[in-house]
Amino acid sequence: MSRPRQVPYVRNRLFRGIPRDLLDIERLVRKRRSYQTGDIIFDEGDDPDYCYLVASGSVRITKALPDGHEELLAVIQPGDFFGELALYDANRRSARATASEPTRLGLLDQDSFDYLRRIAPLEMASTIAEAGIERMRQTNVLLVSEVGLAGRLSQMGHELGTLSHNLRSPLATIRNAAQLLRTWMTTEGRDPQRTLRFIDIIHDTAENGLAQIEQLMARLRGEALEARELVGVDRLLDELRELTAGHFREESVRYRDHRGGYQGMVHVDRREFLSVLSNLVKNAVEALPEQGGEVAVAAAEDSAQVVFSVSDTGSGIPPEHLGKLFERGFTAGKRGGTGLGLAHAREVVQQLGGRIDVDSAPGKGTTFYVRIPKPGAS
């Protein structure tokens, strides 16, 4: 009988890149626990306590769904870690961790975790981000396999597809902002104000992506989520400019917003509405020719409605496609297109009591109009 695989705590993936002379394992990993097959390590809704290091055995990470089913999200093997995100944001546990077999874990408490973040902030951020991406890939495979076999893929496909699409825009913005920041830092010297601006873009965009994930999780838990608030149009346009700045790195691609048409308030879920507008802006940039062009955003007042418009100077949309633009799954040859963005935008706008229209002709560019009721309008 072969011995179970064991990985010393000092060789755990969490510590990769951190100098060994800074790692006092006895001080960092002050508690160790053993679990038997089927033991629950933590459950959904539990308060955050530790980041767990797997020395031997394995751990299943699962998510309970409203219909009583349980989905397998990941399997954590020796030398890996889990439970770290709850220590990052101090939120309750969002999944269940169960020992798949006799398992030995090292427990990193909040003080030890914060110590690692202080002495090696970049290494910790890189390791945790890399682990998260790998687990996302693993989760995608497991979800498609398990949910598909259970005949429930179409049931969850709408929510998961929309989330995947909506996350592409903030992740692209973060990537573009980081690339531009790197270029400035290496070729133009350090400008503190410019650097802080792009750090804010990266931070705010990440917050937007995390909020979208939380919205999906709330819906999967069967919770009603009402996040509408009164927001000034000027504030929305300011945030939209920041959120989409990464798409305008090239001087040939210009962004312009028109202020003054309407400067009052709108009653919307700010993050979700910004997601709609930023998706329209991203689409407009992608519609521009190789030599560049302009994207213009405006807000105007039309009787009892506020009308947001997003225009581009691209080649326009073929007439045969106009009637299908808002159909779920329709995409006209766009690389990586999912056919979900405009369908989701229409759903969001309709939930606000409004509508979204398009005006386009070949060779004349395209304008999308998002019309929503003014606050207090019947």
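**Questions about burial, pairing and packing**

Student: Why does Lys282 count as buried in this predicted model?

Tutor: Lys282 has a relative accessibility of 11%. Buried means under 20%, so Lys282 is called buried.

Student: What makes Lys282 and Glu286 a salt bridge?

Tutor: Their side chains meet at 3.6 Å, N to O. The cut-off is 4 Å between a side-chain nitrogen of Lys or Arg and a carboxyl oxygen of Asp or Glu, so the pair qualifies. Both residues lie in helix α8, four residues apart, or about one turn of the helix.

Student: And Glu286, is that residue buried, exposed or partly exposed?

Tutor: Glu286 has a relative accessible area of 44%. That falls between the limits of 20% and 50%, so Glu286 is partly exposed.

Student: Which salt bridges does Glu239 form?

Tutor: One is with Arg235, where the closest N and O atoms are 2.8 Å apart. Another is with Arg270, at 2.6 Å between the closest N and O atoms. Arg235 and Glu239, by contrast, are four residues apart in α7, about one helical turn. Both distances are within 4 Å, so each pair is a salt bridge.

Student: How exposed are Arg235, Glu239 and Arg270?

Tutor: Arg235, at 40% relative accessibility, is partly exposed, and so is Glu239, at 22%. Arg270 has 13%, which is under 20%, so Arg270 counts as buried.

Student: How many salt bridges does a search of the whole structure find?

Tutor: The search finds 21. Asp234, Asp238, Arg241, Asp257 and Arg259 are linked in a network of them.

Student: Now the sheet. What is the order of the five strands in the open sheet?

Tutor: The order is β10-β12-β13-β15-β14, and the pairing is mixed.

Student: Why are β10 and β14 said to stand at the edges?

Tutor: Each has a single partner strand, so one side of each is left without a neighbour in the sheet. Neighbouring strands here are turned by 15° against each other on average, direction ignored.

Student: How do you know that β15 is paired with β13 and with β14?

Tutor: β13 and β15 share eight bridges in the antiparallel sense, while β14 and β15 share six, also antiparallel. Pairing needs at least two bridges, so both cases pass. Among the partners in β15, Arg371 bridges to Val307, Val370 to Ile356, and Phe368 to Val358.

Student: Which helix packs on the sheet, touching β10, β12 and β13?

Tutor: That is α7, and its direction makes about 170° with that of β10. Helix α8 lies across β10, β12, β13, β14 and β15, running at about 25° to β13.

Student: What makes β15 mostly covered?

Tutor: Six of its eight residues are buried.

Student: Which residues touch the most other members of the largest nonpolar core?

Tutor: Among its 39 residues, they are Val266, Phe273, Phe308, Val370 and Ile372. Elements giving two or more residues to this core include α7, β13 and β15. Helix α8 gives the most, with eight residues.

Student: What does Phe308 touch?

Tutor: Leaving out residues up to four places away in sequence, its contacts include Val266, Phe273, Val370 and Ile372.

Key
Residues numbered from 1 in each chain as written. Predicted model: local features only at pLDDT ≥ 70, side-chain atom pairs only at ≥ 80, totals over all residues. Heavy atoms only, no water. Core = buried A, V, L, I, M, F, W, Y, C linked by side-chain atoms within 4.5 Å. Buried < 20%, exposed > 50% of the residue type's maximum accessible area, 1.4 Å probe, protein only. Contact = heavy atoms within 4.5 Å. Axes fitted to C-alpha atoms, helices over the stretch in contact; angles between N-to-C directions.
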